[in-house]
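Work through the exercises below with the sequence and the model in view. Try each task before reading its solution.

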Amino acid sequence: MRDETAIYLILKKIRARREELKEIIAAGLPSWDDYNKTVGEYKAYAIMEQEIQALQKEEEDGDT
């Protein structure tokens with residue numbers, strides 16, 4: 001599998017999970033602990049996506 005294909009598939013899964021978490025948060029959670037855990041997971045996926053995109057851009061620019 002080409003690197004670009006793998007990166008695209010990973011980003012697609014991350015974005016799908018983030019959307020799922022966004023819907024869960026919007027629907028409401030039964031406790032403050034569940035809310036904090038879910039928001040933390042959402043933020044973690046956002047950070048992962050940013051890091052992957054930064055690495056991809058660095059590779060394209062030849063900065064690796």
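**Exercise 1. Classify Met-1 as buried or exposed, and find the surface patch it belongs to.**

Step 1. Met-1 has a relative accessibility of 77%, so Met-1 counts as exposed. The classes are buried for under 20% relative accessible area, exposed for over 50%, and partly exposed in between, with a 1.4 Å probe and protein chains only.

Step 2. Met-1 sits in the segment before helix H1, which covers 3-27. Helices (H or I, at least four residues) and strands (E, at least two) are DSSP runs, numbered from the N terminus.

Step 3. Together with Tyr-8 and Leu-9, Met-1 makes a nonpolar surface patch of about 380 Å². Patch residues have over 30% relative accessible area and no salt bridge; like charges are joined within 9 Å and nonpolar side chains (Val, Leu, Ile, Met, Phe, Trp, Tyr) within 5 Å.

A note on the source: this is a predicted model, in which local features need pLDDT of at least 70 and side-chain atom pairs count only at pLDDT 80 or more, while totals for chains, interfaces and linings use all residues. Residues are numbered from 1 along each chain as its sequence is written, and side-chain values use heavy atoms, with hydrogens and water left out.

**Exercise 2. Determine which residues are joined with Glu-49 into one salt-bridge network.**

Step 1. The structure holds six salt bridges. Each is a side-chain nitrogen of Lys or Arg within 4 Å of a carboxyl oxygen of Asp or Glu.

Step 2. One of them joins Glu-49 to Arg-15, at 2.7 Å from N to O. Glu-49 belongs to helix H2 (residues 32-61) and Arg-15 to helix H1, so this pair ties together parts that are 34 residues apart in sequence.

Step 3. Glu-49 is buried at 10% relative accessible area, whereas Arg-15 is partly exposed at 35%.

Step 4. Glu-49 also meets Arg-18 in a salt bridge, at 2.3 Å from N to O. This pair again links distant parts of the chain, with Glu-49 in helix H2 and Arg-18 in helix H1, 31 residues apart. Through shared partners, Arg-15, Arg-18 and Glu-49 form one network.

**Exercise 3. Describe the salt bridge between Arg-17 and Glu-20.**

Step 1. The side chains meet at 2.6 Å, N to O.

Step 2. Arg-17 and Glu-20 are three residues apart in helix H1, so about one helical turn separates them.

Step 3. Arg-17 is partly exposed, with 23% relative accessible area, and Glu-20 is partly exposed, with 40%.

**Exercise 4. Describe the geometry of the aromatic pair.**

Step 1. A pair of aromatic rings is described by the distance of the centres and the angle of the planes.

Step 2. The structure holds one such pair. Trp-32 and Tyr-35 are stacked, with 5.2 Å centre to centre and 20° between the planes. Rings of Phe, Tyr and Trp (its six-membered ring) pair if their centres lie within 6.5 Å; planes under 30 degrees apart count as stacked, over 60 as edge-to-face and the rest as tilted.

Step 3. In helix H2, Trp-32 and Tyr-35 are three residues apart, which means about one helical turn between them. Trp-32 is exposed at 61% relative accessible area, and Tyr-35 is partly exposed at 32%.

**Exercise 5. Summarise the chain as a whole.**

Step 1. The chain has two helices and zero strands.

Step 2. Its C-alpha trace spans about 45 × 20 × 15 Å along the principal axes.

Step 3. Of the 64 residues in the chain, 11% are buried.

Conventions: Areas by Shrake-Rupley, 256 points an atom, 1.4 Å probe, with all protein chains shown as cover.
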